[in-house]
Amino acid sequence: MNRLNPLFKILAICLSFSTSVSEGASDLENEMSFFAALQGKIFECSFTALPRARFTATKVESLAADNSIAATYSSVQCLEPGIIRVSFNSGLWLIAFTDDLSGFVIGNMTSMHEYDATSPELIAFKTHPDWKSARVLPEKMELLDSTGNPFATNPAIYYTDRIQGFLLPNKGKGMLARARSRPGGWYASGNHLGTGIQVDRSGYYRSLVRSNLSGFDQRSAHFNYFLLQGGAEPLASAQEQYSAVLVEERYGPTSENAGKVWNEMGTLRGWARSYKKAPPLHAKAVEHAKENFPRDTARLLQLSVDYAGSLCDSGDFAGAKAQLAAVESLLPKDGSDFLGAYTYYRTLAEAEFGLKAYSSAASHFMTNIQRASESGRKFYGMSGLLGILACQIAQSDIKGANETLQKCLALDEKESQDTGGKDFDRWELAFACVALGNYEAALKHATTANRTGWISYEEYARLACLYLSGQKQESTQLAKAFIGRFGNFNEVNIRRDIDAVTVQFTRTMADPTAPNVKVLEQTWADQVQSLRDRPLKNYIFARVMVAVLGKLKSGR
């Protein structure tokens, strides 16, 4: 690491404190403005002891699932605007908020000590019984003896420029919070680290993936999704690092859970559209299985397919194909693992589609359809047929695509009869109908409902169908109805590549003026690369949107 000379070190300290007051704007100007900014805000937290929280100047309220008050902590001390201490019989919580107050880092600690910063790296503890000084770097904290030499090193977890966690001996944890108002801050040591995020940004926490984990372990490991939804990438990365340590400490570094936790966090990253950073997490799960469960071929196959799927989502189709080729020999020869083989070839088809090897992709989809039929799981055939349809459109085989669409409609009709009219999610089928100009079938499968606070993809297919089929007045009315479902349409949660487009698509359909069409064009241009990175998942939707944009620009 580059070392600063003393003059530049002093300058760095001065700069950091001169800018820190303005970063949080007036919200961090004083204690009153700080708590005023938190008034009415609810935060989800990775701690099970404080799953949902509300903060005031005199108390911290722990909230139940219905937001009723489950517990109140009244011993609250504001160390400075943005950093609070909550004391209770068995210890304390040190809570340090991010500069924009959208999230926080929390430590469940047993002791806390003030420190002075003598340089950007060096700190001097004021009251610690054992430590006098330390060098704090992004990746570690070195405890220093009287001569300035390190005698112990503790790995660090980097949350923000102001907040770091540390892994101490005997499963202990440390937390350092840098003050905004002076060169120094607070250091606490104890048991656990966690994070929090404003519900308005993240949504309420809920279990999203199946897991062998439970309680605090599970909530910690799965909290990355909600941090990412809230736009708190640095906190999410740190939360993942801490969660992996937590699970290793609880179950052992060679345990099944120590590997699975990486896979679960990778899956949730993908669902939160953090596509580029998901594959490294899946890769760690695969390497863990290779090292600790080399004979468990089913486990290695499943984790490897998940890894390949994340590579596809990141746009690395060649990497995904290579990963699948490396584990092809693990597929059971007797066909006993239907789901494992089906997912393998589905992922391989997705990789081939991304490489524009459409014939190969269609062949894998066809194999999966046959596999589903032979195993009596015809429901899985719909996915294969829609995949073949996308391949045919990509090859300009519109006649073949229409024939495949008829097979999709027939299969859907049979499924509906066999299940007594059970309501399936038919949005992909509906968009396929729109893409091929079968508007009658599209309207049949793209139904609407009186919902509050959300819009289904089937309904977006209906909106596109109405407009493209010439029913402009009806499409405008429907778009306005969509907007009316939300108190603030700007708060629509973006979860998939197509969501950012559908939000502006709705606005433009509600008021199809030339300026709004221009905005939709720009939104489409901004999202094109994201759509291309996951072409199979977005291809039919993209075809529909190109047709919509073409008609909007023509003014027909």
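Asparagine 170 counts as exposed because its relative accessibility is 79%; exposed means over 50%, buried under 20% relative accessible area, and partly exposed in between (1.4 Å probe, protein chains only). Keep in mind that this is a predicted model, where local features need pLDDT of at least 70, side-chain atom pairs count only at pLDDT 80 or more, and totals for chains, interfaces and linings use all residues. Residues are numbered from 1 along each chain as its sequence is written, and side-chain values use heavy atoms, with hydrogens and water left out.

Back to the loop. Asparagine 170 sits between β13 (163-167) and β14 (173-178); strands (E, at least two residues) and helices (H or I, at least four) are DSSP runs, numbered from the N terminus. Asparagine 170 isn't a glycine, yet its phi is positive, about 60 degrees. Lysine 171, in the loop between β13 and β14, also isn't a glycine and has a positive phi of about 65 degrees.

Now for the inside. In soluble globular proteins, nonpolar side chains tend to be buried together. A nonpolar core here is a set of buried Ala, Val, Leu, Ile, Met, Phe, Trp, Tyr and Cys residues joined through side-chain atoms within 4.5 Å. The largest one has 66 residues, and Phe353 and Trp524 have the most contacts inside it. Helix α21 (residues 535-554) gives the most to this core, 10 residues. Leaving aside residues up to four places away in sequence, tryptophan 524 touches Val501, Leu531, Phe541, Ala542, Met545, Val546 and Leu549, where contact means heavy atoms within 4.5 Å. A second, separate core has 58 residues, including Trp93 and Phe223.

Next, the helix pairs. Helices α13 (residues 381-394) and α15 (residues 427-435) pack at about 30 degrees, with axes 11 Å apart; axes are lines fitted to C-alpha atoms, for helices over the stretch in contact, and angles run from 0 to 180 degrees between N-to-C directions. That makes α13 roughly parallel to α15 (angles under 35 degrees are roughly parallel, over 145 roughly antiparallel, 65 to 115 roughly perpendicular, the rest oblique). Met382, Leu386 and Leu389 of α13 meet Glu428, Leu429 and Ala432 of α15.

Helices α6 (residues 233-251) and α7 (residues 256-271) pack at about 160 degrees, with axes 9 Å apart, so α6 and α7 are roughly antiparallel to each other. Among the residues making this contact are Tyr251 of α6 and Trp262 of α7.
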